[in-house]
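Please look over the sequence and the model shown below before reading on. The briefing that follows moves from the whole chain to single elements and then to individual residues.

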Amino acid sequence: PFDARDFDDAISYLELENGHYELGVHIADVSHYVRPGMAMDAEALLRSNSVYLVDRVIPMLPEQLSNIACSLRPNEDKYTFSCIFQITNKAEIKHKWIGRTIIHSDHRFSYEDVQEIIETKDGLHHRAILLLNDLAQQFRKERFNKGAINFSSQEVRFKLDEKAKPLGIVIKESKEAHKLIEEFMLLANRTVAEYISKIKVNKEPIPFPYRIHNTPDEEKLKPFAAFAKKFGYMFDLKDEEAIAKSFNQLLKDVAG
């Protein structure tokens with residue numbers, strides 16, 4: 001967002017001689033600064049998370065870290081963890097690499113900036129942005145084909161004056177620019193999860209937290225399907241894939 005104070009992630013892009021693209025997804029390496037057992041580590045554990053209020057944030061880590069040292073600000077060298085992918089123009093991943101890196105961001109875009117470039121097909125780094133958007137759309141399509149459910153929702157943001165007095169409410173729309181970043185962050189998350197799941201220490205897997213969505217509860221799904229039927233919508237409950245497709249079709253039909 002244009003009013004963001006800290007920048008956790010970045011993407012890089014390079015056209016390779018073999019016709020493929022090199023895509024990098026870079027996440028700020030907080031572990032470079034916050035080590036187990038440090039006072040900062042203990043305080044962060046105590047706070048659990050950053051708290052975002054309408055006009056300010058109460059950070060989990062000191063502002064010097066969250067907004068400066070660990071913020072991937074443009075024109076500064078920053079410590080990161082990266083997933084680097086070699087991808088074809090059909091969004092096929094040919095090679096992947098995970099490791100510690102130092103990045104130097106060329107530019108900081110807001111969602112609004114990127115959305116305008118996508119819509120007008122012109123502007124700073126427009127070639128890279130349009131190609132990245134095309135790849136993101138292909139990844140998104142594949143994800144839904146595999147049964148992902150499109151739970152998109154609207155968020156609100158408050159417009160404030162210089163004295164933090166509310167002036168109005170703006171609906172935050174999830175457009176292509178948001179989805180572009182979302183797809184590449186999901187790609188990095190999946191890649192790291194798959195990588196970690198194969199590592200064993202003393203023949204035992206490493207304990208690792210995952211966030212997953214369970215399959216719908218059948219007892220809750222049946223009355224919902226009956227409710228939807230009253231409005232002329234038929235749910236296909238024969239298997240998980242059919243249920244996911246039914247949800248996506250329903251959300252598409254009632255959009256707006």
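How many helices and strands does the secondary structure of the chain come to? The chain has seven helices and 10 strands, where helices (H or I, at least four residues) and strands (E, at least two) are DSSP runs numbered from the N terminus. This is a predicted model, in which local features need pLDDT of at least 70 and side-chain atom pairs count only at pLDDT 80 or more, while totals for chains, interfaces and linings use all residues. Residues are numbered from 1 along each chain as its sequence is written, and side-chain values use heavy atoms, with hydrogens and water left out.

**The chain as a whole**

- Along its principal axes, the C-alpha trace spans about 55 × 55 × 45 Å.
- Of the 256 residues, 27% count as buried, a term that means under 20% relative accessible area, with exposed standing for over 50% and partly exposed for values in between (1.4 Å probe, protein chains only).
- The chain exposes about 17900 Å², of which carbon and sulfur atoms supply 54%; accessible areas come from the Shrake-Rupley method with a 1.4 Å probe, and for residues only the protein chains shown count as cover.
- Among contacts (heavy atoms within 4.5 Å) between residues at least 6 apart in sequence, 57% join residues at least 24 apart.
- There are 36 positive and 40 negative side chains, and the centres of the two sets lie 4 Å apart; Lys and Arg count as positive and Asp and Glu as negative, without His or the chain ends, and each charge is placed at NZ of Lys, CZ of Arg, CG of Asp or CD of Glu.

- Helix α4 covers residues 126–145, and its 20 residues should span 28 Å at 1.5 Å a residue, which agrees with the 29 Å between its end C-alpha atoms; the expected span is 1.5 Å times one less than the number of residues.
- The buried residues of α4 include Ala 128, Leu 132, Leu 135, Phe 139 and Arg 143.
- An α-helix has 3.6 residues a turn, so residues three or four places apart point the same way.
- The partners against which the buried residues of α4 pack are the strands β1 (9–15), β2 (21–28), β5 (77–87) and β6 (93–104), together with the helices α3 (111–120) and α5 (176–197).
- Just after α4, Gly 147 takes a positive phi of about 110 degrees.

- Strands β5 and β6 run antiparallel and are joined by 11 bridges, pairing being assigned if DSSP finds at least two bridges between two strands.
- Ser 82 has Gly 99 in β6 as its bridge partner, and in this hairpin, with five residues between the strands, Ala 91 takes a positive phi near 60 degrees.
- Strands β7 (residues 155–160) and β8 (residues 166–172) also run antiparallel, joined by six bridges, and Val 156 stands opposite Ile 171 in β8.
- The hairpin of β7 and β8 has five residues between its strands, and Ala 164 in the turn has a positive phi of about 65 degrees.
- Gln 154, in the loop between α4 and β7, counts as exposed at 62% relative accessibility.
- Leaving aside neighbours within four places in sequence, Gln 154 is in contact with Ile 171 and Lys 172; its C-alpha atom is separated by 6.7 Å from that of Ile 171, 17 residues apart along the chain.

**Positive phi in loops**

- Most residues other than glycine have a negative phi, and most peptide bonds are trans.
- Asn 75, which is not a glycine, has a positive phi of about 65 degrees; Asn 75 lies in the loop between α2 (63–69) and β5 and counts as exposed at 55% relative accessibility.
- Lys 203 likewise has a positive phi of about 65 degrees without being a glycine; Lys 203 lies in the loop between β9 (200–201) and β10 (204–205) and is exposed, with a relative accessible area of 75%.

**Residues towards the chain ends**

- Pro 1, in the segment before β1, is partly exposed, with a relative accessible area of 43%.
- Although Pro 1 and Ser 110 are 109 residues apart along the chain, their C-alpha atoms are separated by 5.4 Å, and, leaving aside neighbours within four places in sequence, Pro 1 is in contact with Arg 108, Ser 110 and Tyr 111.
- Leu 250, in helix α7 (residues 240–253), is buried, with a relative accessible area of 15%.
- Leaving aside neighbours within four places in sequence, Leu 250 is in contact with Phe 224, Tyr 233 and Phe 235.
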